[in-house]
Amino acid sequence: MAEKTAVVTDKAPKALPGIYSQAIKANGFVFVSGAVPMDPVTMEIIEGDIQAHTHQCIRNLTAILEAAGSDITKVVKVNVFLSDMDNFAAMNEIYSTYWGETKPCRTCVAVKTLPLNVDVEIECTATY
């Protein structure tokens, strides 16, 4: 059985106690829970549009990856959840500026509702 270690940082929004971890390190990978566009200090959803929200989601993922001993360039898989597929192009304008030269594989789907009624949530898996 692979050993697993929870990743915790105050540089990203806190996980809901007893429900999930910000990330788990196991077998050379870090599996990061979905990040919403929440400010890690105020624990409030930031103001702004889908592009501002995409930036904040990725900033939160980056903070968790760094706490795990990884970084954004080591991401191998991303899942993006949008509340409205009409935001796809605007989200991609921001998304494409991240992840380094070799982009990770990705799934992007529209869902009926996201936590706190946000417009985007992003999760990822990386090596460390």
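**Strand 6**

I started with strand 6 (residues 120–127) and found six of its eight residues buried, so it is largely enclosed by the rest of the structure. For me, buried means under 20% relative accessible area, exposed over 50%, and partly exposed in between, with a 1.4 Å probe and protein chains only. Strands (E, at least two residues) and helices (H or I, at least four) are DSSP runs, numbered from the N terminus.

A note on what I'm looking at: this is a predicted model, where local features need pLDDT of at least 70 and side-chain atom pairs count only at pLDDT 80 or more, while totals for chains, interfaces and linings use all residues. Residues are numbered from 1 along each chain as its sequence is written, and side-chain values use heavy atoms, with hydrogens and water left out.

**Who pairs with strand 6?**

I looked up the pairings next; two strands pair if DSSP finds at least two bridges between them. Strand 4 (residues 75–82) runs antiparallel to strand 6, joined by seven bridges. I noted K77 there, whose bridge partner in strand 6 is T125. Strand 3 (residues 29–35) is also antiparallel to strand 6, with five bridges. Along that pairing I found V32 opposite C124 and F29 opposite T127.

**Strand 2 and its hairpin**

Strand 3 has another antiparallel partner, strand 2 (residues 23–26), over four bridges. I24 is bridged to F31 of strand 3. The hairpin of these two strands has two residues between them, and I saw that N27 takes a positive phi near 55°.

**The core**

Which residues touch the most other members of the largest nonpolar core? I got V30, V32, L65, V78, V80, W99 and I122, out of 29 residues. Such a core is a set of buried Ala, Val, Leu, Ile, Met, Phe, Trp, Tyr and Cys residues joined through side-chain atoms within 4.5 Å. Strand 3, helix 1, strand 4, helix 2 (88–95) and strand 6 each supply at least two of its residues. Helix 1 gives the largest share, seven residues.

**The largest pocket**

I read off about 290 Å³ for the largest pocket. Its lining has 18 residues, and P13, K14, Y20, G34 and V36 are the closest to the centre. Strand 3 and helix 1 (50–67) are the elements giving two or more residues to the lining, and strand 3 gives the most, three.

My note on method: on a 1 Å grid over the protein atoms alone, a pocket is an open set of points with protein on both sides within 12 Å along at least five of seven lines, and lining residues have an atom within 4 Å of a point. Points are joined across faces, edges and corners, and the volume is the space filled by probe spheres set on them.

**Two loop residues**

Last, I checked two aspartates. D39 sits in the loop between strand 3 and helix 1 and is partly exposed, at 24% relative accessible area. Its C-alpha atom is 7.5 Å from that of A12, 27 residues apart along the chain. Beyond four places in sequence, D39 is in contact with P13, E44, I46 and Q56.

D84 lies in the loop between strand 4 and helix 2 and is partly exposed too, at 35%.

Conventions
On a 1 Å grid over the protein atoms alone, a cavity is a set of points where a 1.4 Å probe fits but cannot get out, and a pocket is an open set with protein on both sides within 12 Å along at least five of seven lines; lining residues have an atom within 4 Å of a point. Contact means heavy atoms within 4.5 Å.
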